[in-house]
Amino acid sequence: MIPHRSLAVSCQARADNPLHGPAFMAAMAQAAEQGGALALRANGPADIAAIRAVSRLPIIGILKRWDDRFPVYITPDFASAEAIAAAGADIIALDATDRPRDGEPLDRLIARIRDELGKPVFADCATLEDGVRAAALGASYIATTLSGYTPETEARKAFGPDIALIQALAKAVSVPIVAEGRFEQPEQLETAFAAGAHAVVVGTAITNPREITRRFARHAGV
Ligand SMILES: CC(=O)N[C@H](C=O)[C@@H](O)[C@H](O)[C@H](O)COP(=O)(O)O
């Protein structure tokens, strides 16, 4: 459903971002589609429904729900998955680390999404172990999304995309590997594909003008 060697664009803006809101995210998705994206990633029922109304591209849906008691915030439970499926997500992405979550255990969550919603699961992983486990549990895509964003992997955050993890996952599992996280230059997609990535998801570098501006402003001598 996510085409081979494709670019997927993540269209997300948090509440503190001037571009927060479904109308902006739908416009962002249309711009990404016109530019050549073959899949989209989006957060929450409102944004997903707005994007679904303007695009037929596959939508990798998530629901970010922060809870101080638990580190897992990307689609932590079945109710979140159900809400984004109802809004039009074709693929359900979720945190596939083994960290504590407020909801059903990972094996049950993946099984329910597949069996009850009939949707493929996109496993956001931080490590090789996460990916191997998620593949064994029935995830349809294994992604490097959380490399750099768990205590165990946070040193990686200072570097670019986790190409070594893409390579290791591609060797270890037979489901498609999606590279996601910290892609800043178009050429980095070629490196990811050469390492075995099936597709690459890019967010900030395409859809967050505030961050893009900050990157330029750092060179403006102010
Ligand atoms: C760790 C986490 O919560 N990642 C999120 C997952 O949906 C998003 O905030 C990222 O923007 C997305 O993964 C794309 O990555 P990048 O913006 O680096 O291209």
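Terms first. I count two strands as paired if DSSP finds at least two bridges between them. Helices (H or I, at least four residues) and strands (E, at least two) are DSSP runs, numbered from the N terminus. This is a predicted model, so I note its limits: local features need pLDDT of at least 70, side-chain atom pairs count only at pLDDT 80 or more, and totals for chains, interfaces and linings use all residues. Residues are numbered from 1 along each chain as its sequence is written.

**Entry 1: the barrel**

I looked up the overall strand order. A closed barrel of eight strands runs β1-β2-β3-β4-β5-β6-β7-β8, with parallel pairing. From one strand to the next the twist averages 25°. That angle uses axes that are lines fitted to C-alpha atoms, for helices over the stretch in contact, and runs from 0 to 180 degrees between N-to-C directions.

I checked the β1 and β2 pair next. Four bridges join them in the parallel sense. Ala-8 sits opposite Ala-39 in β2.

Is β4 buried or exposed? I used the C-beta count: a residue is buried if 20 or more other C-beta atoms lie within 10 Å of its own, exposed if 12 or fewer, and partly exposed in between, with C-beta atoms placed from the backbone. Five of the five residues of β4 (residues 91-95) are buried, so the strand is largely enclosed by the rest of the structure.

Ile-60 has Ile-91 of β4 as its bridge partner. The chain goes from β3 through α3 to β4 in a right-handed β-α-β crossover. I call a crossover right-handed if, with the strands pointing away from the viewer, the path from the first strand over the helix to the second runs clockwise.

Then I followed β4 to β5 (residues 121-124). Four bridges join these parallel strands. Ile-92 stands opposite Val-121 in β5. With helix α4 (residues 106-117), β4 and β5 form a right-handed β-α-β unit.

I took β7 (residues 177-180) the same way. Ile-177 and Ala-179 on one side are buried, and so are Val-178 and Glu-180 on the other.

Strand β6 (residues 141-143) runs parallel to β7, joined by two bridges. Ala-143 is opposite Val-178 in β7. β6, helix α6 (residues 163-172) and β7 make a right-handed β-α-β unit.

Three bridges link β7 to the parallel strand β8 (residues 199-202). Ala-179 is opposite Val-200 in β8. From β7 the chain crosses through helix α7 (residues 188-194) to β8, again right-handed.

**Entry 2: Ala-197**

I stopped at the loop between α7 and β8, where Ala-197 lies. Ala-197 counts as buried because it has 27 C-beta neighbours inside 10 Å. Leaving out residues up to four places away in sequence, Ala-197 touches Ile-166, Ile-177, Val-178, Ala-179 and Ala-192. Contact here requires C-beta atoms, placed from the backbone, within 7 Å. I also checked Ser-6: 191 residues separate it from Ala-197 along the chain, and their C-alpha atoms are 9.6 Å apart.

**Entry 3: helix α2**

Six of the eight residues of α2 (residues 45-52) are buried, so this helix is largely enclosed by the rest of the structure. I listed them: Pro-45, Asp-47, Ile-48, Ala-50, Ile-51 and Arg-52. Their cover includes β1 (6-11), α1 (22-35), β2 (39-43), β3 (59-62) and α3 (78-87).

**Entry 4: the ligand shell**

Which residues come nearest to the ligand? Of the 15 around it, they are Ser-10, Tyr-149, Arg-182, Gly-203 and Thr-204. β8 and α8 (204-207) are the elements that give two or more residues to this shell. Near means a C-beta atom, placed from the backbone, within 6 Å of the molecule or strand.

**Entry 5: positive phi**

I looked up two non-glycine residues. Arg-5 has phi near 55°. Arg-5 lies in the segment before β1. With 13 C-beta neighbours inside 10 Å, Arg-5 counts as partly exposed.

Thr-75 has phi of about 45°. Thr-75 is in the loop between β3 and α3. Thr-75 is buried, with 30 other C-beta atoms within 10 Å.

Conventions. Contact = placed C-beta atoms within 7 Å.
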